[in-house]
Amino acid sequence: MAGLNPRQEEACSYTEGPLLILAGAGSGKTRVITHRIAYLISEKSVNPYNILAITFTNKAAGEMRERVDAIVGFGAESIWVSTFHSMCVRILRRFHERLGGKNSFTIYDADDQKAAVKEVLRLLSFDEKQYPVRAMIAAISKAKESFLSPDEYDRQAAGNYRDQNVAKIYREYQKRLRSNNALDFDDLICKTIDLFMQHPDVLELYQERFRYIMVDEYQDTNHAQFVLVKMLAAKYRNLCVVGDDDQSIYKFRGANIYNILNFEEEYPDAKVVKLEQNYRSTSNILNAANGVIANNEGRKDKSLWTENPEGEKVLFTRYEDDRGEAVGVCKKIFDLMKEGHTLSEMAVLYRTNAQSRVLEEQMIRENIPYQLVGGTNFYARREIRDLVGYLKCIANPADDISLGRIINVPRRGIGDTTVTKMRDFALEHGMSLYDVLLDAEQVPGLSRSMAKISAFAELMQGFRREAEEGNLTILYDDILKKTGYREELERENTDEARSRLENLRELGNKISDYELHAEHPSLTELLEEISLVADTDEQEMGTDRLTMMTLHSAKGLEFPFVFMVGMEERLFPSGMSLDSDDPDAEEEERRLCYVGITRAKERLFMSAASRRMVNGTITYPEESRFIDEIPKNLLRREGRGEGRSSGNDPFGGRPLGRDSYGDRYYDEWQGTTFQKKAYGSDRNRRVPGAPVRPKATIQKGIPTAATIDYQVGDTVKHIKFGRGVVTEMVKGGSDYEVTVNFDTAGEKRMFASLAKLRKV
DNA sequence: GAACCCATCATTTTT
DNA sequence: TGATGGGTTC
C-alpha cells in the first residue's frame, strides 16, 4: 500500500472482526478509510456490494464517495456510502409498511417539529412558558434516542408531574406525526431499529448485504445509532469504527462519547489501531494542542506527534475590546497577504455565532471578502420554507403542518379564525386538514371565507394534478406565479424582498438541477434531498475569500492560518458549560479548543478582548484558561497585559469614549492600519433576511495589474466610500496597495485586488 | 387582518 | 444588542 505508514497500513489490512481506529487530528483518517475499502475489494475480493460506509454529514459522504470512486474504479458505485439518516430513509422507503406506516412518508425537520409541538401544546392546553417548545423537542429527541416510547416515558416519569405531562406531549406529538404521515429525524433511526427488531428477516437481508461496515466520526454517534450499527454488524462482525474521542464536541445533540470509549468492552475481541502521526500541523501547534487536551481526564491514551518542522510559536494577543480584536485580526490578515498568502488559506474561528457580527463589520470596512460557514441554513429561510411547504403539501396532503404553514401565505383571506374552525372540525372527524379544505361546506360557520377556501382548494388540487405530470421545474414556477408569492415580493421592492426573490431563484435552480441529474426525478425524492441535504452553500468559485465560522463547524477542516478569537473565560469555555453541573461540560469545551488548534497547519493566532459586549452588556473577561494550558515555551504573547489579568483595569486608567476609538487605534497601529479616521459612522448592518453571506461584499474576479486602469492622481469611485483621489500606489505582495483620499471618508489604504475601485 | 409595542431572552448543530 | 413572540390597538 503506497504511501501509508505502518499504523495506517495495519488499519487498512485488518479486515475481519471488530476494529477501532483511533485517528488523531490530521492523521490521515480519510485516506485510511478509502484505502481500506480499496484493500477489501482488491486484496480480499470483497464484493463492493457488501460494503457500507457511514458518515455523519452529506459533505463527508460526498467526499468519501469521490475518493472511493477514484481509488476503487470498477464497482465503486455499488458501495453504500451514506449518512445514517439517508441510509435509514432508503431502508424505510422500502419497508416502512411493515411497521404499519406508508412508504411515502414526509420527513419533518426542526422547523416542522417546532410547529408540531406548538400545535400539541395548544391542543393539550399547556403553557409554552412552562413547557418550552425547545425543551420539549429536546426531551422527545432524547427519549427516542434511548428508545423510550411515550408509554415507557410515562412509566419512568412515575410520580413526576411535569415529566408525566412531557410524556403526554410526546404521545400526542407521535400521534400527530403518524396521522400526518411524517417522520422526524430521530424517527428515521428509531423506526429502522424497530423494523429490524420486529422483522428479523429484514434485518438479515441487510446483515447479509452489509458484511463490511465502516463508521466514520464514531465519537459523534448517539445511542440509537450505536444500536443500529450493532444490529447490522451482529452477524458478520466486520465492524470498523473510526474516530477520536478528543474531538467529541457534540454531546449537546446527543453524541455519546462512551460509544468510542467503551468499544473494546462492547467488542472484547476488538483490535485497536492508533493513528498518532500528525501530517498537518507544525510541531509547535501540535504540541500546543497536546498541552491543552492533556488537562482532560477520561480519554483514550494517545499522544500525537509529527515530523513536521517546529514552525512559529502560537501568538496570543490581548486586545482592548472586541472591536479592537477585529481590527487586529484584519491587520494580521493584511500582513499575511503582504507575505503573498491568500485569503482562502485563512480562517477565523469563534465560539458563538454572535461573535461574527463585529468581525463581519470590520471585514466589510476593510474590504476583505469573506465567507460565513454555517449560521442560518438556506432551507431555514422563510421564503424557502414557504415554498418547500407548498411542495411538501402537494406531495403529502396529510401533512397538516405544511398545509398550516402555507394556507394563508401569501395572504388570501383565510385567517386564524377560519383555520382554527377547520382544524377543530378535522380533529373531531378524524380528517386531515386537507380533507376539510376540499369539503369545507360541511364545516359550520365558514360562510364568509368559503369562497376563499374553495379557490385555494382548487389551486392546490391543480398543483397536485400538475405534480402527477411530473415536471418539477414547471410546478415550482407555477406555484410562485399562481399563488402570487413572487408578485407580492416584487411589489414590495425592498432590499429584503429582492434578497428573498434571489433565494427563491436559487431554489428554482436547485430544483431544475435536481430534475436534470436525478435518475428518476420525483417530488418525494426531491423533498427528501431538501430535508436531508442541508449543505447547500456551494462555494462560489473564482473569489479568494476568508472563511469565518464557529469552532464546531471547523471540525474536519484545515487551514494554513487560523485565528481563534474570543479566547476568554465564560465565552470560551462558555459560561453555560462552567455553570453546568455536568463535570464533562468543561472537558467538552477543551476538546473544542483542541479541535480549533489542530485546524491550523502553519500558524495559529489566538486573541482575547479585555472588554466585550455580550448580550447587550459590557463585560470584562479574563483570558481563557486554555491559553494558560498551552506550554509557555510554545506561546508568544503580544498586546496589553501579561498573563491572566484580574480584568480590573482594562483601560489602563484612561476613560474610553466611543469616539476616541479610532484615534487610539490610529496611534497604536499607525502606518499599518488601513483606517485613518474614526469609523463609528458607517456601520454596515446586515439587512434582515438578506443572505447570510452579504453578496455586496463578495467580489468576483481579482484585478491584476492589467485590470487596474487608474493611477496616482486619478479620481476613483469606491463601493462604500464614494469618490476619492488616488494618492499613492505601492506594489505589495501579489498586487497593489492603493491609497485614496476620499471626499467624505478621508484617506484610506486598501489592496487593489479587494477594493474594486472604478476610475471615473 | 395588520401594524405596532413591549417583554423576554439569549452556546454549539447536523440530519 | 438584537431577534423573537405575544398582546394590543386601530
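Q: Where does Pro 410 lie?
A: In this predicted model, Pro 410 sits in the loop between helix 18 (400-406) and helix 19 (416-429).

Q: Which peptide bond to Pro 573 is cis, and what is its omega?
A: The bond from Phe 572 to Pro 573 is cis, and its omega is near 5 degrees. Pro 573 is placed in the loop between strand 15 (559-564) and helix 27.

Q: What makes the phi of Glu 217 worth a remark?
A: Phi of Glu 217 is near 50 degrees, which is a positive value in a residue other than glycine. Most residues other than glycine have a negative phi. Glu 217 belongs to the loop between strand 6 (212-215) and helix 11 (223-233).

Q: Why is helix 6 called roughly perpendicular to helix 8?
A: Helix 6 (residues 133-145) and helix 8 (residues 161-179) pack at about 80 degrees, with axes 10 Å apart. Angles of 65 to 115 degrees count as roughly perpendicular, so helix 6 is roughly perpendicular to helix 8.

Q: Which residues make this contact between helix 6 and helix 8?
A: Helix 6 contributes Met 136, Ala 139, Ile 140, Ala 143 and Lys 144, while helix 8 contributes Arg 162, Val 166, Ile 169, Tyr 170, Tyr 173, Gln 174 and Leu 177. By class, the contact of helix 6 with helix 8 holds nine nonpolar, one polar and two charged residues.

Q: Why is helix 1 called oblique to helix 2?
A: The angle between helix 1 (residues 6-13) and helix 2 (residues 29-42) is about 45 degrees, and their axes are 8 Å apart. Angles under 35 degrees count as roughly parallel and those of 65 to 115 as roughly perpendicular; the value of about 45 degrees therefore makes helix 1 oblique to helix 2. The crossing of helix 1 past helix 2 is right-handed.

Q: Which residues of helix 1 and helix 2 meet?
A: Gln 8, Ala 11, Cys 12 and Ser 13 in helix 1 meet Val 32, His 35, Arg 36 and Tyr 39 in helix 2. These divide into four nonpolar, three polar and one charged.

Q: Which residues around DNA strand B come nearest?
A: Of the 27 residues around DNA strand B, the nearest are Arg 351, Arg 411, Gly 415, Thr 550 and Ser 574. Of the atoms of DNA strand B within 4 Å of the protein, sugar and phosphate account for 51%. The residues of the surface near DNA strand B comprise eight nonpolar, 14 polar and five charged. Helix 26 (551-554) and helix 27 (575-579) each supply at least two residues of that surface.

Q: How do you know that Asn 58 makes a polar contact with DNA strand B?
A: A polar backbone atom of Asn 58 is 2.7 Å from a phosphate oxygen of DNA strand B. The cut-off is 3.5 Å between N or O atoms, so this pair is a polar contact. For Asn 353, a polar backbone atom is 3.0 Å from a phosphate oxygen of DNA strand B. For Asn 615, a polar backbone atom is 3.2 Å from a base nitrogen of DNA strand B.

Notes. Residues are numbered from 1 along each chain as its sequence is written. Chains are lettered from A and ligands numbered from 1 in the order in which they are written. This is a predicted model: local features need pLDDT of at least 70, side-chain atom pairs count only at pLDDT 80 or more; totals for chains, interfaces and linings use all residues. Side-chain values use heavy atoms; hydrogens and water are left out. Axes are lines fitted to C-alpha atoms, for helices over the stretch in contact, and angles run from 0 to 180 degrees between N-to-C directions. Helices (H or I, at least four residues) and strands (E, at least two) are DSSP runs, numbered from the N terminus. Angles under 35 degrees count as roughly parallel, over 145 as roughly antiparallel, 65 to 115 as roughly perpendicular and the rest as oblique. A crossing is left-handed if the near helix is turned anticlockwise from the far one by less than a right angle, and right-handed if clockwise. Contact means heavy atoms within 4.5 Å. Ala, Val, Leu, Ile, Met, Phe, Trp, Tyr, Cys and Pro count as nonpolar, Asp, Glu, Lys and Arg as charged, and the others, Gly among them, as polar. A residue is near a molecule or strand if one of its heavy atoms lies within 4 Å of it. A polar contact is a pair of N or O atoms within 3.5 Å; within protein, one must be able to donate a hydrogen and the other to accept it, and residues adjacent in sequence count only if both atoms are side-chain atoms.
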